[in-house]
Amino acid sequence: MPKHADGSAGDADYGTIGGGYAQYRQPEPKIAAYIEKALGAGQTVLNVGAGAGSYEPLDRVVTAIEPSASMRAQRPPHLPTAIDAVAERIPFPDAYFDASMATFTIHQWSDLRAGLLEMRRVTR
Ligand SMILES: C[S@@+](CC[C@H](N)C(=O)[O-])C[C@H]1O[C@@H](n2cnc3c(N)ncnc32)[C@H](O)[C@@H]1O
């Protein structure tokens, strides 16, 4: 059961505070480089708590999950549409993705351990 009207799953209600998020969250190049390196040779990538898509790689096949409708609506057209789902229950089979990522989101998950186990489960 979502905590907030727009589906936001954590303590933060992005339906209220998330307006304009895509304008002020701009990728920092050093962090983007770390993420690129960490993803390694992975071609299929899951982005959990994807928000408006900052730090989402453009040169891989990305699947994004994001519980807040407000955040999903801010994703630019060149990024994939995000699926309405939470980290604690990822709607994909075991070992489905080459790699998984999550940026600036785990502090909001209701069950960090469950979310990380789910990421591990769906990742080769
Ligand atoms: C600070 S934003 C970061 C968004 C994006 N990852 C970025 O780096 O810009 C945190 C995001 O985590 C999402 N979130 C909160 N709880 C979540 C959960 N349990 N599972 C998945 N995403 C969650 C929020 O809806 C929000 O979009």
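Helices here are DSSP runs of H or I with at least four residues, strands are E runs of at least two, and both are numbered from the N terminus. This is a predicted model, where local features need pLDDT of at least 70, side-chain atom pairs count only at pLDDT 80 or more, and totals for chains, interfaces and linings use all residues. Residues are numbered from 1 along each chain as its sequence is written, and side-chain values use heavy atoms, with hydrogens and water left out.

At the N-terminal end of α3, residues 29–39, the cap is Glu-28. One of its side-chain oxygens lies 3.0 Å from the backbone nitrogen of Lys-30.

A ligand nitrogen lies 2.9 Å from a side-chain N or O atom of Glu-88, and a backbone N or O atom of Gly-49 is 2.8 Å from a ligand nitrogen. Alone, the ligand exposes 600 Å², of which the protein buries 98% (Shrake-Rupley areas, 1.4 Å probe).

Finally, aromatic pairs, meaning ring centres within 6.5 Å: there are four. Tyr-55 and Phe-104 have ring centres 5.9 Å apart and planes at 50°, so this pair is tilted (under 30 degrees is stacked, over 60 edge-to-face, the rest tilted). These two residues are 49 residues apart and link distant parts of the chain.

How values were computed:
A polar contact is a pair of N or O atoms within 3.5 Å; within protein, one must be able to donate a hydrogen and the other to accept it, and residues adjacent in sequence count only if both atoms are side-chain atoms. Rings of Phe, Tyr and Trp (its six-membered ring) pair if their centres lie within 6.5 Å; planes under 30 degrees apart count as stacked, over 60 as edge-to-face and the rest as tilted.
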